Amino acid sequence: LCNKYRDEILYLVFGVLTTIVNYVVYIPCYNLLHLTGAVSNGIAWVAAVAFAFLTNKPFVFKSHDWSAKVLLPELGKFLGCRIGSGLLETAIIFLTVDCMTWNGNWMKLFTNVMVVFLNYFGSRWLVFRKK
């Protein structure tokens, strides 16, 4: 069973770790520096995307070719997917936290879970497709 769902399990593990990275950067920006939810989310997004690419490429999707010929197209598609989900997440944070003054800590956690699922499908079917 573990072998059958290996990619999904690994993506979930690294998705949780990416969420932790994202949250660990967001929380001090939002709570200690008192940046807006949207700005805090943008900063956290950069850290999380870098971590996600560096871990997902080799460990989840078994893409070990780091030559420019392979890396640049993968990175471009990866960033394209992540920018889309990042904009959606930031829009939700902006509307719910910055405009409606909902709890920024809980909304960040909620949106992060949603984004992990969106990013899995983007990475699986667009970025690291098996040839």
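Student: What should I know about the model itself?
Tutor: This is a predicted model: local features need pLDDT of at least 70, side-chain atom pairs count only at pLDDT 80 or more, and totals for chains, interfaces and linings use all residues. Residues are numbered from 1 along each chain as its sequence is written, and side-chain values use heavy atoms, with hydrogens and water left out.

Student: Why is Thr-101 called exposed?
Tutor: Set the value against the cut-offs: buried means under 20% relative accessible area, exposed over 50%, partly exposed in between, with a 1.4 Å probe and protein chains only. Thr-101 has 65%, so it is exposed.

Student: Where does His-34 lie, and what is its phi?
Tutor: His-34 lies in the loop between H1 and H2. Its phi is near 60°, again positive in a residue other than glycine. His-34 has 64% relative accessibility, so it counts as exposed.

Student: What makes H1 and H2 roughly antiparallel?
Tutor: Helix H1 (residues 6-32) and helix H2 (residues 37-60) pack at about 155°. Axes are lines fitted to C-alpha atoms, for helices over the stretch in contact, and angles run from 0 to 180 degrees between N-to-C directions. Under 35 degrees is roughly parallel, over 145 roughly antiparallel, 65 to 115 roughly perpendicular, and the rest oblique. H1 and H2 are therefore roughly antiparallel. Their axes are 8 Å apart.

Student: Which hand does the crossing of H1 and H2 have?
Tutor: It is right-handed. A crossing is right-handed if the near helix is turned clockwise from the far one by less than a right angle, and left-handed if anticlockwise.

Student: What kinds of residue form the contact of H1 with H2?
Tutor: There are 18 nonpolar, seven polar and two charged residues. Ala, Val, Leu, Ile, Met, Phe, Trp, Tyr, Cys and Pro count as nonpolar, Asp, Glu, Lys and Arg as charged, and the others, Gly among them, as polar.

Student: How do you know that H2 and H3 are roughly antiparallel?
Tutor: The axes of H2 and helix H3 (residues 68-99) cross at roughly 150° and come within 9 Å. That angle makes H2 roughly antiparallel to H3. This crossing is right-handed too. Its contact has 14 nonpolar, five polar and five charged residues.

Student: Why are Phe-14 and Phe-59 called stacked?
Tutor: Rings of Phe, Tyr and Trp (its six-membered ring) pair if their centres lie within 6.5 Å; planes under 30 degrees apart are stacked, over 60 edge-to-face, and the rest tilted. The count comes to five aromatic pairs. Phe-14 and Phe-59 have centres 5.6 Å apart and planes at 10°, so the pair is stacked. Phe-14 lies in H1 and Phe-59 in H2, so the pair ties together parts 45 residues apart in sequence.

Student: What makes Tyr-26 and Tyr-30 a stacked pair?
Tutor: Their ring centres are 5.4 Å apart and their planes at 15°, so the pair is stacked. They are four residues apart in H1, which means about one helical turn. Tyr-26 has 0% relative accessibility, so it counts as buried.

Student: How do you know that Lys-57 lies over the face of Trp-66?
Tutor: The rule asks for NZ of Lys or CZ of Arg within 6 Å of the ring centre and within 35 degrees of the ring normal. Lys-57 is at 4.9 Å from the ring centre of Trp-66 and lies over its face. Trp-66 also forms one aromatic cluster with Phe-53 and Phe-78.

Student: Why is Val-115 called buried?
Tutor: Its relative accessible area is 8%, so Val-115 is buried. Val-115 lies in helix H4 (residues 104-127).

Technical notes:
Helix = DSSP H or I, 4+ residues; strand = E, 2+ residues; numbered from the N terminus.
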